[in-house]
Each structure stands twice: as C-alpha cells, then as structure tokens.
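Colleague: I would like to learn how to read a model like this one. Could we take it feature by feature?

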Amino acid sequence: MPEITDVENEFIREEIEEYLEQPNEIERAINTFSQISSAMQEIAAALIDGDHHTVDQLTSTALEEGTDALEIMDDGLIAGMSIVGIKFRENFIFVPEVLACARAMKAGMAYIEPILSASGIEPVGTVVMGTVKGDLHDIGKNLCIMMLRGAGFVVHDLSVDTSEDEFIDAVEEYDADLLGMSALLTTTMPNMGKTIEAFIDADLRDDVKIMVGGAPVTQEFADDMGADGYGKDAVECVELSKRLLAEDDEEF
Ligand code: B12
C-alpha cells in the first residue's frame with residue numbers, strides 16, 4: 001500500500017495532509033497521486049492552486065513532449081479537480097476559489113479538446129447534451145462532449161440551465177439519436193426525471209435514447225427515473241452511447 005511519502009509533489013502532499021480527513025479519501029488520493037508522473041502531479045497542483053497560466057503552460061509542454069491527451073485529462077486535470085471538490089465540500093475553499101480552479105481546468109482542456117475531437121471518423125450518431133435546469137456545472141458535461149466528439153459522434157451542446165422544452169426542441173431539430181443530461185446538484189437531479197416525463201407527454205420518448213450522469217447520479221436513480229442508461233465518467237459516456245445506439249439499430 002503506497003504511503004504519503006510516495007507522493008512526489010510536495011504541494012500535493014501538503015494538500016492531502018492539510019485538507020483530507022476521511023480515511024478512504026486519503027487512501028484514494030495517495031493511491032492516485034503516487035502512481036502518476038511528476039509532470040501530471042505538477043499540472044494537478046497548479047489546478048488545485050487555481051493557477052490557469054501554469055496549467056496552460058504545463059499542458060502545452062506535456063503535449064509537446066508526447067504525453068497522451070487522455071493521460072493529461074485524467075491524471076492531471078481530473079485528479080486535481082477531485083481534491084478541489086473535497087476542499088469545497090468541507091468549506092476550506094469557496095465559490096471564487098473553485099471558479100479559479102474551473103478556469104484552470106478550462107485552460108488545460110482548451111489544448112485537449114481539439115486533439116480528442118480530431119479523430120476524423122465518419123459520424124456514428126447524433127447526440128444532444130446539456131446540463132439540466134437550475135444547474136450551472138458544465139465541466140463534466142464538456143469532458144463527455146469532448147470524448148464523444150473524439151469517438152465520432154456529432155454533439156449539439158445546449159450548455160447549462162437547460163429547460164425541458166429546450167431539450168425537446170433540440171432533439172427534434174437535430175433528429176438526435178441520443179440525449180445526454182448532466183446534473184451536479186441533488187436539487188437539480190429531479191429535473192432529469194421531469195425532462196423524461198416531458199418527452200413522454202410530447203409522445204417523443206420512443207424517438208430518443210436518454211442517458212444521464214453527474215457526480216450525485218447513480219444507476220439506481222437513473223433506473224427509477226426511466227433513463228435508458230447511466231455513465232459514471234466520460235469514458236463510460238462514450239461506451240454507453242455506442243451501446244444505446246447499437247440497441248436502437250436492433251430495435252428498427
Ligand atoms: C466546479 C464546481 C463548481 C463551479 C462550477 C464551474 C463550472 N463551470 O462547471 C461553481 C463555482 C460555479 C459551482 C457553483 C455551485 N456549486 Co459546485 N461544485 C463544483 C465541484 C467542486 C466540481 C464539479 C466538477 O467540475 N467536477 C469534475 C467533473 C470532471 O466531474 P463531474 O462533473 O462529476 O463529471 C463527470 C461524471 O460525473 C460524468 N458525467 C457528467 N455529466 C454526465 C452526463 C452524462 C450523460 C454521462 C453519461 C456522464 C456524465 O462524466 C464526467 C467526466 O468524467 C463540485 C464537487 C464535486 N465533487 O463534484 C461542487 C458541487 C457540485 N457544487 C456544489 C454546490 C453546493 C454549488 C453551489 C450551490 C454553491 C453555492 N453556494 O453557490 C453552486 C451552484 C450553482 C448552480 N446553480 O449550478 C455541491 C453540490 C452539493 C449537492 N448535494 O447538491 C458540490 C458537490 C460541492 C459540495 N460537496 O458541496 N460549483
């Protein structure tokens with residue numbers, strides 16, 4: 001089992017020691033950061049520090065040196081954001097600090113997105129994606145979109161705070177095969193179910209496969225609200241989209 005001393009980056013070691021209190025979260029953080037390269041630890045540290053200039057520069061350098069875009073996304077950016085999430089939850093930092101971290105995440109993603117999107121594959125399906133009404137979190141949704149585009153899907157991004165009608169109109173306008181909804185707040189999660197009901201009321205439920213995700217969403221919640229699928233991260237989002245599309249083809 002790795003120890004805190006196995007985490008090479010001093011800033012990250014201090015963050016874990018100072019801000020993480022739950023034993024399972026400490027263990028997970030030590031496990032993650034002891035296994036990732038020093039360059040990725042530096043990106044994560046700059047993200048946790050909310051330093052978008054450094055994230056920008058380190059991401060660009062890592063790509064020039066041949067680091068895989070997915071490795072930077074998972075080991076640098078998402079790993080860093082997991083510490084930010086815990087500090088925010090425990091009130092060690094507040095909205096302005098989290099916004100600085102989100103800005104740093106976007107600075108890194110600006111390099112990653114074109115790489116993941118430039119697969120040049122024939123479009124495999126059309127997806128409409130949005131964060132549900134009342135919810136302004138878009139980082140996870142944007143990661144899913146990036147990965148979906150990289151896998152050859154055409155994605156129409158409805159951004160955040162998306163109403164039921166906006167989802168319905170977009171699915172009809174783009175003749176989408178799939179609808180993906182994201183929610184990060186327990187208070188906005190029910191809006192996914194309400195949107196599904198709106199599709200039923202509009203007699204459009206059978207025209208589109210609906211998938212849901214976001215940190216508080218679970219498979220059980222997805223089943224209860226009548227979604228066709230749930231994915232825990234962006235990689236699962238792509239796998240799920242392919243699976244739902246294949247099921248759709250079998251049905252017709
Ligand atoms: C960044 C952040 C913010 C930023 C958002 C910036 C932005 N542009 O997105 C700001 C500062 C604006 C913010 C505001 C608020 N936030 Co906030 N925020 C976060 C934080 C720290 C990180 C979220 C994040 O980006 N995670 C990283 C991404 C990569 O992960 P992800 O979103 O889960 O996405 C992945 C998967 O879930 C999945 N996925 C996501 N969507 C989808 C969709 C589909 C279809 C599929 C298949 C998969 C999938 O794939 C993604 C990639 O792997 C979380 C903490 C946390 N642990 O989640 C709190 C958190 C979500 N926020 C919280 C709160 C309370 C708020 C505020 C109410 C705070 C306030 N008092 O104002 C406001 C609400 C604003 C609003 N109306 O939406 C709480 C929610 C608590 C709850 N029980 O609901 C959290 C959990 C923090 C906490 N523990 O207190 N926040």
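Colleague: Is N91 buried or exposed, and how many other C-beta atoms lie within 10 Å?

Modeller: First, the ground rules. This is a predicted model, where local features need pLDDT of at least 70, side-chain atom pairs count only at pLDDT 80 or more, and totals for chains, interfaces and linings use all residues. Residues are numbered from 1 along each chain as its sequence is written. Now burial: a residue is buried if 20 or more other C-beta atoms lie within 10 Å of its own, exposed if 12 or fewer, and partly exposed in between, with C-beta atoms placed from the backbone. N91 has 7 such atoms, so N91 is exposed. N91 sits in the loop between α5 and α6. Its phi is near 65°, a positive value in a residue other than glycine.

Colleague: Where is D203, and is D203 buried or exposed?

Modeller: D203 lies in the loop between α9 (190–201) and β4. D203 counts as exposed because it has 8 C-beta neighbours inside 10 Å. Phi of D203 is near 60°, again positive in a residue other than glycine.

Colleague: What about V132, buried or exposed?

Modeller: V132 has 29 C-beta neighbours inside 10 Å, so V132 counts as buried. Its place is the loop between β1 (125–131) and α7. Leaving out residues up to four places away in sequence, V132 touches T162, M181, A183, T188, N191, M192 and T195.

Colleague: Why is α3 described as largely enclosed?

Modeller: Nine of its eleven residues are buried, so α3 is largely enclosed by the rest of the structure. Among the buried ones are M40, I43 and L47. The cover includes α1 (10–19), α2 (23–35), α4 (52–64), α5 and α6. After α3 comes G50, with a positive phi near 70°.

Colleague: How do I describe two packed helices?

Modeller: Give the angle between their axes and the distance between the axes. Axes are lines fitted to C-alpha atoms, for helices over the stretch in contact, and angles run from 0 to 180 degrees between N-to-C directions. Helix α3 (residues 38–48) packs with α5 at about 35°, with axes 8 Å apart. On the α3 side, the contact is made by M40, I43, A44, L47 and I48.

Colleague: Which residues touch the most other members of the largest nonpolar core?

Modeller: Such a core is a set of buried Ala, Val, Leu, Ile, Met, Phe, Trp, Tyr and Cys residues joined through C-beta atoms within 7 Å. The largest one has 73 residues, and I43 and L47 touch the most other members. Helix α5 gives the most to this core, with ten residues.

Colleague: Which residues come nearest the ligand?

Modeller: A residue is near a molecule if its C-beta atom, placed from the backbone, lies within 6 Å of it. The shell holds 38 residues, and G85, R89, G140, G213 and G231 come nearest. The largest share, six residues, comes from α5.

Conventions:
Helices (H or I, at least four residues) and strands (E, at least two) are DSSP runs, numbered from the N terminus. Two residues are in contact if their C-beta atoms, placed from the backbone, lie within 7 Å.
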